[in-house]
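Dear colleague,

I am handing over the structure we spoke about, and I would ask you to look through it before reading the notes that follow.

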Amino acid sequence: MKADRRSSGNPALDRLLGGGLELRTITQIFGGPASGKSTLCMIAAVSCLRSGESVIFIDSEGFSTERFRQIAGNDSAAIADRLFLFEPIDFEQQGNMIVEADKILRQHQPSLIVLDSATALYRTDLEKGRDAMQMLTRQMLQLLGYAKRYEPAVLITNQVYMDTTRNTFAGLGGTSLEHISKAIVRLDRLEGTGWRRATLVKHRSRPEGAWFDFELVQDGIRTRE
């Protein structure tokens with residue numbers, strides 16, 4: 001593993017990203033419901049915890065303790081005390097919890113920050129007619145500031161919407177999330193199968209379009225050879 005990378009916990013995803021999650025930057029995974037976003041986040045967190053590091057995990061969709069136990073296996077109890085979990089219930093609280101994370105970063109130097117999902121609560125604010133874009137940008141800049149100052153890897157997930165002009169699914173948050181993420185991976189469910197496809201859609205040093213297929217299994221994911 002390169003010194004400026006942290007393993008995602010899965011060799012196929014590490015290869016797709018050129019050696020793992022890059023430190024001091026934001027990596028984004030986006031996709032539709034049940035595409036595997038949360039599982040990949042959990043795998044990355046467990047990998048980091050197993051290496052003896054701490055993790056900040058901000059989960060706006062409800063952290064699954066059962067899924068954590070499945071992926072961590074017999075290690076779950078031993079590593080859970082290094083997992084700093086935040087579960088915001090609205091978009092404003094999500095922003096407040098990102099600010100609060102600064103204390104943990106200063107005291108414990110976590111090597112990974114996970115935000116799953118960056119836009120679930122943002123989408124709720126949009127549906128209420130609120131102008132949430134400015135808040136989302138502020139939250140992402142806060143995370144990027146942490147990445148630069150404390151040098152963790154930052155992994156965020158993003159929901160999707162149908163872009164009618166291009167007739168394709170795109171990540172929420174517009175250019176705010178797209179520009180601030182140095183690497184972006186799109187997850188798609190392959191119709192009529194239990195397989196998903198992870199495709200690299202943005203990277204500053206690797207060609208776009210590389211992909212691998214995987215399926216969700218009890219202890220994480222299984223990739224197709």
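A residue is called buried here when its relative accessible area is under 20%, exposed when that area is over 50%, and partly exposed in between. Please keep in mind throughout that this is a predicted model.

Salt bridges

A salt bridge is taken to be a side-chain nitrogen of Lys or Arg within 4 Å of a carboxyl oxygen of Asp or Glu, and by this rule the count comes to eleven.

One of them joins R50 and D75, whose closest N and O atoms are 2.8 Å apart. Because R50 belongs to helix α2 (residues 37-50) while D75 sits in the loop between α3 (65-72) and α4 (76-79), this pair ties together parts that are 25 residues apart in sequence.

Another salt bridge brings together the side chains of D213 and R197, with an N to O distance of 2.7 Å. This pair, too, links distant parts of the chain, since D213 lies in strand β12 (residues 211-217) and R197 in strand β11 (residues 195-202), 16 residues apart. Here the two partners fall into separate classes: D213, with a relative accessible area of 4%, is buried, whereas R197, with 26%, is partly exposed.

A further salt bridge is formed by R222 and E215, and its closest N and O atoms are 2.3 Å apart. R222 is partly exposed, its relative accessible area being 42%, while E215, at 19%, is buried because the value is under the 20% limit.

Beyond these pairs, D4, R5, E22 and R204 are linked to one another in a network of salt bridges.

The second largest pocket

The second largest pocket has a volume of about 190 Å³. It is lined by 15 residues, and those closest to its centre are G32, P33, A34, S35 and K37. Helix α2, which also holds R50, gives the largest share of this lining, namely three residues. Sorted by class, the lining consists of seven polar, four nonpolar and four charged residues.

With best regards

Technical notes. Residues numbered from 1 in each chain as written. Predicted model: local features only at pLDDT ≥ 70, side-chain atom pairs only at ≥ 80, totals over all residues. Heavy atoms only, no water. Helix = DSSP H or I, 4+ residues; strand = E, 2+ residues; numbered from the N terminus. Buried < 20%, exposed > 50% of the residue type's maximum accessible area, 1.4 Å probe, protein only. 1 Å grid on protein atoms, 1.4 Å probe; cavity = no way out; pocket = protein on both sides within 12 Å on 5 of 7 lines; lining within 4 Å. Points joined across faces, edges and corners; volume = space filled by probe spheres on them. Nonpolar A, V, L, I, M, F, W, Y, C, P; charged D, E, K, R; others polar.
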